[in-house]
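I opened my notebook to look up charged pairs. Here is what I wrote down as I went.

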Amino acid sequence: QLLRELWKLPTEKTDMGLLAKLPTAETRLPRMLPPPPPKQLTKWEQFALQRGIAPKGKQSRKVFDEATGEWKHLTGSLDNKANA
């Protein structure tokens, strides 16, 4: 019965013989729980969207010192060790 259904599909002739063109597989896996609802924006995120405020980028803690040609720490104990 499976072979009969297989031969009902469109086929194409190749050097290896007849090949059946299989339909694309669309297997949807069921979820145990429904998908979570989209997260609500916080008050700050809503305010920032209204005002067009973009989040700040992460600031680098190192600075290139052109005199020595090396990267040095901006502040902190590592900066003091580098200067000593």
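Predicted model: local features only at pLDDT ≥ 70, side-chain atom pairs only at ≥ 80, totals over all residues.

Which residue's side chain meets that of Glu-12 in a salt bridge? I looked it up: the partner is Lys-21, with N and O 3.6 Å apart.

Glu-12 has a relative accessible area of 34%, so I put it down as partly exposed. Lys-21 comes out at 47%, and that counts as partly exposed too.

How many salt bridges does the structure hold? I found three.

On to another of them. Glu-5 and Lys-8 join their side chains in a salt bridge, 3.4 Å from N to O. Where do these two sit? Both are in helix α1, which covers residues 2–8. They are three residues apart there, so about one helical turn separates Glu-5 from Lys-8.

Is Lys-8 buried or exposed? I noted exposed, because its relative accessibility is 63% and the cut-off for exposed is over 50%. Glu-5 has 45%, so I wrote partly exposed for that one.

Last entry: Asp-65. I found it in a salt bridge with Lys-72, and the closest N and O atoms are 3.5 Å apart. Asp-65 shows a relative accessible area of 24%, so it goes down as partly exposed; buried would need under 20%.

Terms used:
Residues numbered from 1 in each chain as written. Heavy atoms only, no water. Salt bridge = Lys/Arg side-chain N within 4 Å of Asp/Glu carboxyl O. Helix = DSSP H or I, 4+ residues; strand = E, 2+ residues; numbered from the N terminus. Buried < 20%, exposed > 50% of the residue type's maximum accessible area, 1.4 Å probe, protein only.
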